[in-house]
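Please look over the chain shown here, a predicted model, with the briefing that follows.

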Amino acid sequence: MTYESSIYHLLQITSMSDPYFQGLFAERIGGSRYGKGGDIYKFEKIKRAKRKALADHPERKLIDFGIGENDEMAAESVRQVMAREINQPQNRGYADNGIAEFKEAVARMMAREFKVKLDPVTEINHCIGTKTALAMLPAAFINPGDVTLMTVPGYPVAGTHTKYYGGEVYRLPLRAENYFLPDLDSIPADIRAKAKLLVLNYPNSPTGKVATHEFYAKVVDFALANQIVVVQDAAHLMLSYEARPLSFLEVPRARDVGVEVHSLSKGWNMIGWRLGWVCGHERLVRAFADVKDNCDSGQFIAIQKAAIAALDDAEIPRRTREKYQRRLKKLVEALRHCGIKCQMPGGTYFLYVPSPKGVSGGPAFATAEECSQYLITEHSICTVPWDDAGAFLRLSATYEATDEAGEDVLMAETEERLKKLRLVF
Ligand SMILES: Cc1ncc(COP(=O)(O)O)c(C=O)c1O
């Protein structure tokens, strides 16, 4: 493009009211069109619909199965350590790549829960939540044209950053007929040749599927055969119901092919505290730590110390697991009474159910999104739609209820509202 034509191009796409930098935004966030699109992010649409439902029907209780965050505070014992440590002058500074005591607590926990022995110095590094680790790991691998294999529906962060670096995302649909596991054999040879990362997430959000030892063994073989690095996102791991939590690193040779990314958010009710860790192959952990060192200066040391108390207390994740398992069982039962086909998820606090095609004598829904919008606007029931691999609704058991009786009242109300609809599948 000549100088004149590029100026002409800029004038065409920017308007007089735009700031001078409108034409400077990078293509990865929309270029000169940034901030002008009418596309609304799914979760923003839900938020708006929730606000409208509350305004239009103040008399009707909003039943919120849309929240993907724990409804409880961190354990009191953990908060007490935090209260003490926040006043310690030695905790005030940059934590950089983390304190040794936190890594040692992670090593103790991984040995206790999974019989996985890790060297705390070389095979573990903290992160400010798994989200940031998933955002940083592509920086260590992805050059323009490289491929990240990612399951969909899923948590998109590693894919977004792959694209930021000029890489491509190859989507592996999680379908009910394949038990919500990716079909690794279906990946074409040219994609396998360009693939550097395989990002998995089990227990899976949003499907609730848990991985088996056999599946992970297959993943290891696949990674070795195709020379691909595995990133297993274990954010929901302590919320496993079908069987005890299974770490990818328990599987022979898993450590030779990848890392597992863990979080204190879900299993320990520490969602806002922003702490997790990356563990696995020493060279991969080091590459992550090097990228991280160029992005942040570590989580507040007082938080890391409070997290040590959390990791050393096996009762905390056990209690969290028990609570969400109880709530999910009640939800499954209530939905079944309304004709929704569903079963207890293997893990996570999400229930993933086929989206109704319509309402008897009422509207038809072409997508889960349409159904979800109808449920929230017309009946004040909030769900999250997924249309990536079939039409499904995700209902979260993280709704607010003060006690078990409160949960029962909410389930009865849900059942009453949904039964009246006579949903069609
Ligand atoms: C699958 C998955 N991975 C990662 C995260 C991020 O968790 P964290 O709070 O550790 O950043 C979430 C949060 O919802 C998630 O659902």
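The buried residues of helix H2 are covered by elements that include strand S1 (63–64), helix H13 (368–379), strand S11 (381–382) and strand S12 (384–386). Those buried residues are Ile46, Ala49, Lys50 and Ala53, and because they fall within an arc of 105° when H2 is seen down its axis, they line one face of the helix. As this is a predicted model, every value below is computed from predicted coordinates.

**Helix H2**

- Helix H2 covers residues 42–56, and its 15 residues reach 21 Å from the first C-alpha to the last, which is close to the 21 Å expected at 1.5 Å a residue.
- On the face of H2 that is turned away from its buried side, the exposed residues are Arg51 and Ala55.
- An α-helix has 3.6 residues a turn, so residues three or four places apart point the same way.

**The seven-stranded sheet**

- Seven strands form an open sheet in the order S2-S8-S7-S6-S5-S3-S4, and the pairing within this sheet is mixed.
- Strand S2 (124–127) and strand S4 (168–173) are the edge strands, each of them pairing on one side only, and the twist from one strand to the next averages 20°.
- S5 and strand S6 (residues 229–233) run parallel and are joined by five bridges, with Val199 standing opposite Val231 in S6.
- Helix H6 packs on the sheet, where H6 touches S3, S4 and S5, and the direction of H6 makes about 155° with that of S4.

**Cis peptide bonds**

- The peptide bond that leads from Val152 to Pro153 is cis, with omega near 0°, and Pro153 lies in the loop between strand S3 (147–152) and helix H6 (157–164).
- Ser205 and Pro206 are likewise joined by a cis peptide bond, for which omega is about 15°, and Pro206 is found in the loop between strand S5 (195–201) and helix H8 (213–226).

- Asn269, although it is not a glycine, has a positive phi of about 55°; Asn269 lies in the loop between strand S7 (258–263) and strand S8 (276–280), and with a relative accessible area of 8% Asn269 is buried.
- Arg274, which is not a glycine either, has a positive phi of about 60°; Arg274 is found in the loop between S7 and S8, and at 27% relative accessibility Arg274 counts as partly exposed.

**Nonpolar cores**

- The largest nonpolar core has 74 residues, of which Phe102, Met110, Leu149, Leu198, Leu264, Trp268 and Trp277 touch the most other members.
- Helix H11 (residues 301–311) supplies the largest share of this core, namely eight residues.
- If neighbours within four places in sequence are left aside, Phe102 is in contact with His126, Leu264, Leu275, Gly276, Trp277, Gln304, Ala307, Ile308 and Leu311.
- Another core, which lies apart from the largest one, has 35 residues, among them Leu239, Cys338, Ala401 and Leu423.

Methods: Residues numbered from 1 in each chain as written. Predicted model: local features only at pLDDT ≥ 70, side-chain atom pairs only at ≥ 80, totals over all residues. Heavy atoms only, no water. Helix = DSSP H or I, 4+ residues; strand = E, 2+ residues; numbered from the N terminus. Expected span 1.5 Å × (residues − 1). Buried < 20%, exposed > 50% of the residue type's maximum accessible area, 1.4 Å probe, protein only. Arc of directions from axis to C-beta. Contact = heavy atoms within 4.5 Å. Pairing = 2+ DSSP bridges. Axes fitted to C-alpha atoms, helices over the stretch in contact; angles between N-to-C directions. Core = buried A, V, L, I, M, F, W, Y, C linked by side-chain atoms within 4.5 Å.
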